[in-house]
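Q: Can you walk me through this fold? I'd like the sheet and then the helices.

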Amino acid sequence: MNLPLSERLRCCAGFLSGGIRVADIGCDHGYLGIHLLKNGHASSVIAADVNEGPLQSAVRNALKFGVGQNIHFYLSDGAKNIPRDFDALVCAGMGADTIIHILEDAPWLRSEQYFLVLQCQSKTPMLRKYLSDKGWRIELERILRDGKFLYTVMKVVWNPALPPLTTGQCYLPPTLDSSDLLPEYRQRLLEGLHLAVAHQDNGEKKQALEELEGSI
């Protein structure tokens with residue numbers, strides 16, 4: 001029985017291995033946690049969702065794929081109502097606003113005890129800026145193609161001693177993986193910034209564009 005795992009979730013799974021304990025926030029169908037358990041990448045999974053319907057779907061899927069004993073389900077708004085005995089927290093398929101809200105409501109995550117795996121659907125530069133300003137460090141960020149869109153998945157660790165990202169680095173971080181998709185990602189980014197600057201007076205985007213084009 002094949003598990004229908006999206007490219008975005010496969011990329012997230014690439015940051016999770018070694019039998020670690022994982023908390024999947026916004027687990028939806030539960031496929032990520034099931035995949036990690038079936039392949040020995042996680043020893044246990046906390047699967048949390050704010051809605052009862054997706055959570056029950058995840059419960060059924062865990063039983064169907066035979067991993068129900070190692071995955072624990074919580075109805076939770078973000079990380080508010082889950083145990084804290086895990087190593088990695090995953091937020092995938094959410095916009096920057098939602099991820100920031102989840103992290104703001106869980107200040108206890110600001111610890112070397114945890115690392116984050118984040119897959120942002122929209123406003124990714126905003127998320128990078130938030131993480132940098134709060135003391136998080138993006139250790140590595142990978143680009144992936146899912147359909148006609150390019151997304152990234154980032155591994156984030158707590159390290160408030162590092163200097164914050166510049167404005168341009170919030171759009172194109174230095175830890176972005178140098179894959180075959182990087183030139184296309186950069187080109188799309190620059191085209192979007194040019195369009196934004198041409199149609200509105202946006203100081204941040206103009207500053208980012210000038211910084212990035214100056215570094216070519």
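This is a predicted model: local features need pLDDT of at least 70, side-chain atom pairs count only at pLDDT 80 or more; totals for chains, interfaces and linings use all residues.

Q: Fine. Which residues of β5 are buried on one side and on the other?
A: Phe115, Val117 and Gln119 are buried on one side, and Leu116, Leu118 and Cys120 on the other. Strand β5 covers residues 115-120, and because 6 of its 6 residues are buried, it is largely enclosed by the rest of the structure. Helices (H or I, at least four residues) and strands (E, at least two) are DSSP runs, numbered from the N terminus.

Q: What order do the strands of the sheet have?
A: The order is β3-β2-β1-β4-β5-β7-β6, an open sheet of 7 strands with mixed pairing. Two strands pair if DSSP finds at least two bridges between them. The edge strands are β3 (71-75) and β6, each pairing on one side only.

Q: And how many bridges join β4 to β5?
A: There are 6, and β4 (residues 88-94) and β5 run parallel. Cys91 has Leu118 of β5 as its bridge partner.

Q: What about β2 and β3?
A: Strand β2 (residues 42-49) is joined to β3 by 5 bridges, and these strands also run parallel. Ala47 has Phe73 in β3 as its bridge partner.

Q: Switching to helices. Which strands does α2 touch?
A: Helix α2 (residues 31-38) packs on the sheet and touches β1 (20-25), β2, β3 and β4. Its direction makes about 175° with that of β2. Angles run from 0 to 180 degrees between N-to-C directions, and axes are lines fitted to C-alpha atoms, for helices over the stretch in contact.

Q: How many of the residues of α2 are buried?
A: In α2, 7 of its 8 residues are buried, namely Tyr31, Leu32, Gly33, Ile34, His35, Leu36 and Leu37. What covers them includes α1 (7-13), β1, β2, α3 (52-64), β3 and β4. Just after α2, Gly40 takes a positive phi of about 75°.

Q: At what angle do α7 and α8 pack?
A: Helix α7 (residues 182-199) and helix α8 (residues 203-214) pack at about 140°, with their axes 9 Å apart. They are therefore oblique to each other; angles under 35 degrees count as roughly parallel, over 145 as roughly antiparallel, 65 to 115 as roughly perpendicular and the rest as oblique.

Q: Which residues meet there?
A: From α7, Arg186, Leu189, Leu190, Leu193, His194, Ala196 and Val197 meet Lys205, Lys206, Ala208, Leu209, Leu212 and Glu213 in α8. Contact means heavy atoms within 4.5 Å.

Q: Where else does α7 lie?
A: Helix α7 lies across β6 and β7 (149-158), running at about 100° to β7.

Q: Last one: is Leu144 buried or exposed?
A: Leu144 is buried, with a relative accessible area of 7%, and lies in strand β6 (residues 136-146). Leaving aside neighbours within four places in sequence, Leu144 is in contact with residues including Glu7, Arg8, Cys11, Phe149 and Leu181.

Notes. Residues are numbered from 1 along each chain as its sequence is written. Side-chain values use heavy atoms; hydrogens and water are left out. Buried means under 20% relative accessible area, exposed over 50%, partly exposed in between (1.4 Å probe, protein chains only).
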